[in-house]
Amino acid sequence: MRALVVYESMFGNTRAVAHAVAKGLERWIPADVMEVGAAPTDLGEDIALLIVGGPTHAFGMSRDSTRRDAAKQGNGSVVSSGEGIREWLSKVVHMRDELPAAAFDTKINKSWLPGSAAKAAYKRLNWQRFRLVTAPESFLVTDVTGPLVDGELDRAEAWGEQVGVVWARGSRAAGPRP
């Protein structure tokens, strides 16, 4: 049994958050981190928890056009150059009903900007009969290309641990890993 953290990242900020989330999860369950282009779409029996994260583009999950725009802003170099979490989620198959899941995103630190990739992913996961273990979470970047706001990686690790606690309470897990 393991957790799978799947991320889409343009400039590396969401990737850094995904690794911090996995570090927090590791106290409760082994966690693998995978870029969306390398992530399996068939979640086998050994996946006990799915965490999905991506950048907020145009008020929600990225699209092909918003990823192309992001690549231009990053001088053509991005971490996730193929499909994003929107497309990946549309292909995901899981064997058990109500597989536990959670969603996060990165977004610009401007309170007046609406929208969230995490909220959109949360809705998609719910529609696909995953059991959402916590509310979607946003981690903040200072600008389109980053960097992350100070303290966000620590907050992401703490959020990952919190997700692990909630998952453990709802599973057969006996307690924290040594």
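**Note on a predicted model: loops, pockets and selected residues**

1. Pro147 sits in the loop between E8 and H5. The peptide bond that joins Gly146 to Pro147 is cis, with omega at about 5°. The model is a predicted one, and the points below should be read with that in mind.

2. Which residues of H5 are buried? They are Glu152, Ala156, Trp159, Gly160, Val163, Gly164, Trp167 and Ala168. The cover over these buried residues includes H1, strand E4 (47-55), E6 and strand E8 (137-141).

3. The largest pocket holds about 500 Å³ of space. Helix H1 (13-25), helix H2 (64-73) and strand E6 (100-108) are the elements that give two or more residues to its lining. H2 supplies the largest share, four residues. In total 23 residues line this pocket, and those nearest its centre are Thr56, His57, Ala58, Ile108 and Val144. By class, the lining of the largest pocket has 11 nonpolar, 10 polar and two charged residues.

4. Ala58, one of the residues nearest the centre of the largest pocket, belongs to the loop between E4 and H2. Its phi is positive, about 50°, although Ala58 is not a glycine. Is Ala58 buried or exposed? Ala58 has a relative accessible area of 54%, so it is exposed; the cut-off for that class is over 50%.

5. Thr14 lies in helix H1. Thr14 is buried, because its relative accessible area is 2%, and buried means under 20%. What does the side chain of Thr14 make a polar contact with? The partner is the side chain of Thr106, at 2.7 Å.

6. Ala101 is a residue of strand E6. Its relative accessibility is 0%, so Ala101 counts as buried. Not counting residues up to four places away in sequence, Ala101 touches Leu49 and Leu50, then Leu125, and also Phe130, Arg131, Leu132 and Val133. From Ala101 to Arg129 there are 28 residues in sequence and 9.8 Å in space, C-alpha to C-alpha.

7. Arg129 itself is found in the loop between H4 and E7. Phi of Arg129 is near 70°, which is a positive value in a residue other than glycine. Arg129 counts as partly exposed because its relative accessibility is 46%, and that class lies between the 20% and 50% limits.

8. Gln128 is placed in the loop between helix H4 (117-127) and strand E7 (131-132). Is Gln128 buried or exposed? Gln128 counts as buried, because its relative accessibility is 14%. With neighbours within four places in sequence left aside, Gln128 is in contact with Leu89, Val92 and His94.

9. His94, a contact of Gln128, also lines the largest cavity, together with Leu43, Gly44, Glu45, Ile47, Met95, Arg96 and Leu99. How many cavities of 30 Å³ or more does the structure hold? There is one. The space in the largest cavity is about 30 Å³. Its lining divides into four nonpolar, two polar and two charged residues.

10. Ser77 is in the loop between H2 and helix H3 (85-91). Ser77 counts as exposed, because its relative accessibility is 53%, and the cut-off is over 50%. Outside its sequence neighbours up to four places away, Ser77 touches Met10, Phe11 and Ala71. Ser77 and Leu125 are 48 residues apart in sequence and 29 Å apart in space, C-alpha to C-alpha. Leu125 is also among the residues that Ala101 touches.

Conventions: Residues numbered from 1 in each chain as written. Predicted model: local features only at pLDDT ≥ 70, side-chain atom pairs only at ≥ 80, totals over all residues. Heavy atoms only, no water. 1 Å grid on protein atoms, 1.4 Å probe; cavity = no way out; pocket = protein on both sides within 12 Å on 5 of 7 lines; lining within 4 Å. Points joined across faces, edges and corners; volume = space filled by probe spheres on them. Nonpolar A, V, L, I, M, F, W, Y, C, P; charged D, E, K, R; others polar. Buried < 20%, exposed > 50% of the residue type's maximum accessible area, 1.4 Å probe, protein only. Polar contact = N/O pair within 3.5 Å; in protein donor to acceptor, adjacent residues only side chain to side chain. Contact = heavy atoms within 4.5 Å.
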